[in-house]
Amino acid sequence: MTEQEVLMLADRALLRVVEQIGDEQWDLVVPDAMTPRQPGSTLRRVVNYSAQDEAWVPDVLGGRTIAEVGTEHDGDLLGADPKAVFARLVEIGCDTVSGFTDLDRAVHLSYGDWPAREYLTHITYFRALRAYDIARFIGADPILPPALVQGLLEELEPRAEQWREYRVSGAPLTVPDGAPAQDHWLALIGRDPRA
């Protein structure tokens, strides 16, 4: 499975979860563990951050820098119809990624220049984890599509130690043999699948 395919699966998994958010849930405050850098965030703020991240995909893969984009994707992108806006952004992101082939090209991120392949892996991880966390928070089924979980494991296993050094994930946990693949992915990133 290519990096592009795994990202599109993660994007669509997150979209399916966002589509399940109830009108009364947008203003709920999420646990600080979901947004450690922004404690006290509402679910709407969390989804808006994901929308902003999605809006950046065409610019990043197009080679634009933060200075060139400026404040174009700042503020509330969700507007009066957050689900429709988010769906449109995911569609644009997936269209961009599906046609992108230069995975070794340098792209410009807020934390430095990286090969596009790494950027796609970073945002795939972020989207998959968001889908899982939001689903659990709103009471939806947190089981991710099997193909996505397989892609996440394939992408993450060779990078797991590096990601721990970057403090993106925690120390790996142990799960029993025969546990679902999603439990293995969560344990690999230091998340207790039973919690």
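The legends below describe close-up views of a predicted model.

**View 1. Helix 1 and the helices around it.**
Helix 1 covers residues 3–18, and its end C-alpha atoms lie 23 Å apart. Twelve of the 16 residues are buried, which leaves the helix mostly covered. The buried set consists of Glu3, Gln4, Val6, Leu7, Met8, Ala10, Asp11, Ala13, Leu14, Leu15, Val17 and Val18. These residues pack against four helices: helix 2 (43–61), helix 4 (82–98), helix 5 (116–138) and helix 6 (146–156). An α-helix has 3.6 residues a turn, so residues three or four places apart point the same way.

**View 2. Glutamate 3 and glutamate 5 in helix 1.**
Glutamate 3 is a residue of helix 1, and helix 1 also holds glutamate 5. The relative accessibility of glutamate 3 is 16%, and glutamate 3 therefore counts as buried. Leaving aside residues up to four places away in sequence, glutamate 3 touches Leu103, Arg117, Leu120, Thr121, Thr124 and Glu155. Glutamate 5 has a relative accessible area of 39% and is therefore partly exposed. Between the C-alpha atoms of glutamate 5 and cysteine 94 the distance is 9.1 Å, although 89 residues separate the two in sequence.

**View 3. The salt-bridge network of Asp11, Asp53, Glu54 and Arg127.**
Salt bridges link Asp11, Asp53, Glu54 and Arg127 in a network. Side chains of opposite charge can pair when their charged atoms come close. Aspartate 53 and arginine 127 are both buried. Arginine 127 also forms a salt bridge with glutamate 54, at 3.1 Å, N to O. Here too the pair links distant parts of the chain: arginine 127 is in helix 5 and glutamate 54 in helix 2, 73 residues apart. Glutamate 54 is buried, as is arginine 127. Asp11 is among the buried residues of helix 1.

**View 4. A salt bridge between aspartate 76 and arginine 44.**
The structure holds eleven salt bridges. One of them is formed by the side chains of aspartate 76 and arginine 44, at 2.8 Å, N to O. Aspartate 76 sits in the loop between helix 3 (66–69) and helix 4, whereas arginine 44 is in helix 2; the pair links distant parts of the chain, 32 residues apart.

**View 5. Surroundings of aspartate 59.**
Aspartate 59 is part of helix 2. With a relative accessibility of 9%, aspartate 59 counts as buried because the cut-off for a buried residue is under 20%. Its contacts, not counting residues up to four places away in sequence, are Arg64, Val69, Glu72 and His73. The side chains of aspartate 59 and histidine 73 are joined by a polar contact of 2.5 Å. Threonine 121 is 62 residues from aspartate 59 along the chain, and their C-alpha atoms are separated by 17 Å.

**View 6. The hairpin of strand 1 and strand 2.**
Strand 1 (residues 106–109) and strand 2 (residues 112–115) run antiparallel and are joined by four bridges. The two strands form a hairpin, with two residues between them. Alanine 106 has proline 115 of strand 2 as its bridge partner. On strand 1, Val107 and Leu109 make up a covered face, while Ala106 and His108 make up an uncovered one.

**View 7. Packing of helix 6 and helix 8.**
The buried residues of helix 6 are Leu148, Val149, Gly151, Leu152, Leu153, Glu155 and Leu156. They pack against helix 1, helix 5, helix 7 and helix 8. Glu155 is also one of the residues that glutamate 3 touches. In helix 8 (residues 181–188), Gln182, Trp185, Leu186, Ala187 and Leu188 are buried. The buried residues of helix 8 pack against helix 5, helix 6 and helix 7 (160–165). Just after helix 8, glycine 190 has a positive phi of about 85°.

Terms used:
Residues numbered from 1 in each chain as written. Predicted model: local features only at pLDDT ≥ 70, side-chain atom pairs only at ≥ 80, totals over all residues. Heavy atoms only, no water. Expected span 1.5 Å × (residues − 1). Buried < 20%, exposed > 50% of the residue type's maximum accessible area, 1.4 Å probe, protein only. Contact = heavy atoms within 4.5 Å. Polar contact = N/O pair within 3.5 Å; in protein donor to acceptor, adjacent residues only side chain to side chain. Pairing = 2+ DSSP bridges. Salt bridge = Lys/Arg side-chain N within 4 Å of Asp/Glu carboxyl O.
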